[in-house]
Amino acid sequence: MDFKSQNKNITNLLKFIDQCGGSNKLEIAENIMVSPAALTKISKKLLGDNILLEKKNVDENGRKKNLLIINYDRFFSIGVLIEENFTRVIITNLKNEVIEEFKFENSYNGDFEEYLNALLKFIENIVEKSNKPRDRFLGVGVVMTNEFIVKKSLDLFKEDRFINLKKAIMEKFAGYVFVETEIRAQALYEAFLEPNYKNFFLIKYGEKRGSAIIIDNKLVNPAVAHYRSMGTRHFIVEPNSDIYCDICKKKGCFDTMVSPKYIFEEILKESNYSSRIESLYKNMDLNEFVKRAEAGGIIECKSLRKVAKYIAILMINHNNLLPLDTFLLSGKIFKSSLFLSYLKMFLQEFQLGEVHENLIVLDDKIKKQELVASFLPINYIFYNYHFTENLED
């Protein structure tokens, strides 16, 4: 499958109809900027393939219109979210609405083959339970969280493991398999949910950390092939650091320097491992840490400034390389006015441009994180109209 040879008119048509819930041919042609003749040809094919349906509608002025709507039950998608302790498998329709869901415990103790066999079994079970024809499944989206990769199976970062995972699922089920990290998959879904976000850099910071870049509605891979599956989490932000990362095997990477574990360890060092400070930070989470900073805690404010500095460095460096319009900030910490003021201060300090004016703090629109996985086949196959055979019934 050549994912570069998409039909952009079909992509634009399907996305526009999804966003407006249905539209007539004249409005579609005007909005996606194609001629009426071209639109008629496209819509005829999509209607023939049962991708689109016609719906009669009467507007507020009593005028009758034929609307084109998407047949969201034409195809289905499988999403697999691999967390630290559990794997969640869902089936969705083209609207990415959950039809079936299942959760099982990751009790394979680091044995990749054992885990893979368990995953295949549970995908098989949920497909059978759904009673949907096999040829109606577009494919499988597999998303791995940072916690799973770091704490359960560092070997999954090896390229051959990704290949084996994809091959095993493809042999078992029709369709294609897409493997991504959680933050990169979220960025792709955010671009779909909010079309106004064009070329952007998504940064997530909190219990889950990471970043991803979208240019022209496509994920941008880091220049170094080894970091392809890691997004930009391991970009070096502190060259003089002596803190070594177990994953990227380098010192001073973003993921290490902003991790709460590292921050709290630095605070303990500065206090000479005071028993009072050690007791205080033993079970502290990031939200409580931010609250202490907002209440005027000197140590906490100092550490929070460091995190803001490293995020600013990450943003500035990528903004200099890529045509970014917007920076999307995801996580409770960005709702802190104190933290945002630190971040804007460093952005202004490091660059003369107005990057600090292009910040958008996201509200959490994604209610189930598994949806970022099931959206992968919908995005790459359905909205780009990559089907391998004649769809006419």
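Biologist: Which residue in S6 does Ile78 stand opposite?

Modeller: Val140. Keep in mind that this is a predicted model, where local features need pLDDT of at least 70, side-chain atom pairs count only at pLDDT 80 or more, and totals for chains, interfaces and linings use all residues. Numbering starts from 1 along each chain as its sequence is written, and side-chain values use heavy atoms, leaving out hydrogens and water.

Biologist: OK. How many bridges join S3 to S6?

Modeller: Six, between residues 76-82 and residues 137-144, and the two strands run parallel. Strands here are DSSP runs of E, at least two residues, helices are runs of H or I, at least four, and both are numbered from the N terminus; a pair needs at least two DSSP bridges.

Biologist: And what's the strand order in the whole sheet?

Modeller: S5-S4-S3-S6-S7, an open sheet of five strands with mixed pairing. S5 (98-105) and S7 (176-181) each have a single partner strand, so one side of each has no neighbour in the sheet.

Biologist: Switching topic: how many cavities of 30 Å³ or more are there?

Modeller: Two. A cavity is a set of points on a 1 Å grid over the protein atoms alone where a 1.4 Å probe fits but cannot get out, and lining residues have an atom within 4 Å of a point.

Biologist: Which helix gives the largest share of its lining?

Modeller: H12, with six residues. Helix H9 (260-270) also gives two or more, and H12 spans 298-321. Among the lining residues are Met257, Glu266 and Tyr310.

Methods:
On a 1 Å grid over the protein atoms alone, a cavity is a set of points where a 1.4 Å probe fits but cannot get out, and a pocket is an open set with protein on both sides within 12 Å along at least five of seven lines; lining residues have an atom within 4 Å of a point. Grid points are joined across faces, edges and corners, and a volume is the space filled by probe spheres set on the points.
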